[in-house]
Amino acid sequence: MKTINEILNYHKEILKTATEQEKGALYNSIGQIYYYKGKIKTAIKFFNLAVEIDKKYDLKSNLAVDYLNLGNAYRVIGDFEKAKEKIKKGLHIALNLKDVHWIALGYKYLALYHQAKGNLDMSKAFLDKSSELLTTIGELAVKKKNPQIPLLRIK
């Protein structure tokens, strides 16, 4: 099994031969690695690089992921204004694409944002919706209640 540093080095090696369009996804992955290493500011740098490339090539699905990861990273460092802005951008794209997985994660990130801001009722509402959606698509191993779940309105 590879270590996180070996995986990071592997990604950096792939960057050397990747097309510009492929680099967006690689930058996002590298950002995620730095995020999990606790190097949030470095992660933000890579998420922003991913956004720039994915915007240029209009890769909407990638942009949804980029913005959601970027917003969550801003939340972690306490930049709540940027966190909310980026999470909402990513969530709006995911909603337009009807990508239930990323909609659910967007709701989770909004729940974490509201929790950090002390809005526990909003946090619970978004976390419940995230869990319901993940259950509906089989990503949570809980009994399905209702496969047709209406989406929450973003505030």
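A nonpolar core is a set of buried Ala, Val, Leu, Ile, Met, Phe, Trp, Tyr and Cys residues joined through side-chain atoms within 4.5 Å. The exercises below use a predicted model.

**Exercise 1.** Find which residues touch the most other members of the largest nonpolar core, and which element gives the largest share of this core.

Solution. The largest nonpolar core has 43 residues, and Leu 91, Ile 103 and Tyr 107 touch the most other members. Two or more residues come from each of the helices H1 (4–15), H2 (20–36), H3 (40–56), H4 (60–76), H5 (80–97), H6 (100–116) and H7 (120–136). The largest share, nine residues, is that of H6.

**Exercise 2.** Describe how H2 and H3 cross, and sort the residues of their contact into nonpolar, polar and charged.

Solution. Start with the axes: those of H2 and H3 come within 8 Å and cross at roughly 160°. Angles over 145 degrees count as roughly antiparallel, so H2 is roughly antiparallel to H3. The crossing of the two helices is left-handed. Next, the contact: residues in H2 including Tyr 27, Ile 30 and Tyr 34 meet residues in H3, among them Phe 46, Phe 47 and Ile 53. The contact of H2 with H3 divides into twelve nonpolar, six polar and four charged residues.

**Exercise 3.** Decide whether Asp 58 counts as buried, partly exposed or exposed, and do likewise for Lys 98.

Solution. Asp 58 is in the loop between H3 and H4. Asp 58 is not a glycine, yet has a positive phi of about 55°. Most residues other than glycine have a negative phi. Asp 58 counts as partly exposed because its relative accessibility is 46%. Lys 98 is in the loop between H5 and H6. Lys 98, not a glycine either, has a positive phi of about 60°. With 65% relative accessibility, Lys 98 counts as exposed, the cut-off being over 50%.

Technical notes. Residues numbered from 1 in each chain as written. Predicted model: local features only at pLDDT ≥ 70, side-chain atom pairs only at ≥ 80, totals over all residues. Heavy atoms only, no water. Buried < 20%, exposed > 50% of the residue type's maximum accessible area, 1.4 Å probe, protein only. Helix = DSSP H or I, 4+ residues; strand = E, 2+ residues; numbered from the N terminus. Axes fitted to C-alpha atoms, helices over the stretch in contact; angles between N-to-C directions. Parallel < 35°, antiparallel > 145°, perpendicular 65-115°, else oblique. Left-handed = near helix turned anticlockwise from the far one by under 90°. Contact = heavy atoms within 4.5 Å. Nonpolar A, V, L, I, M, F, W, Y, C, P; charged D, E, K, R; others polar.
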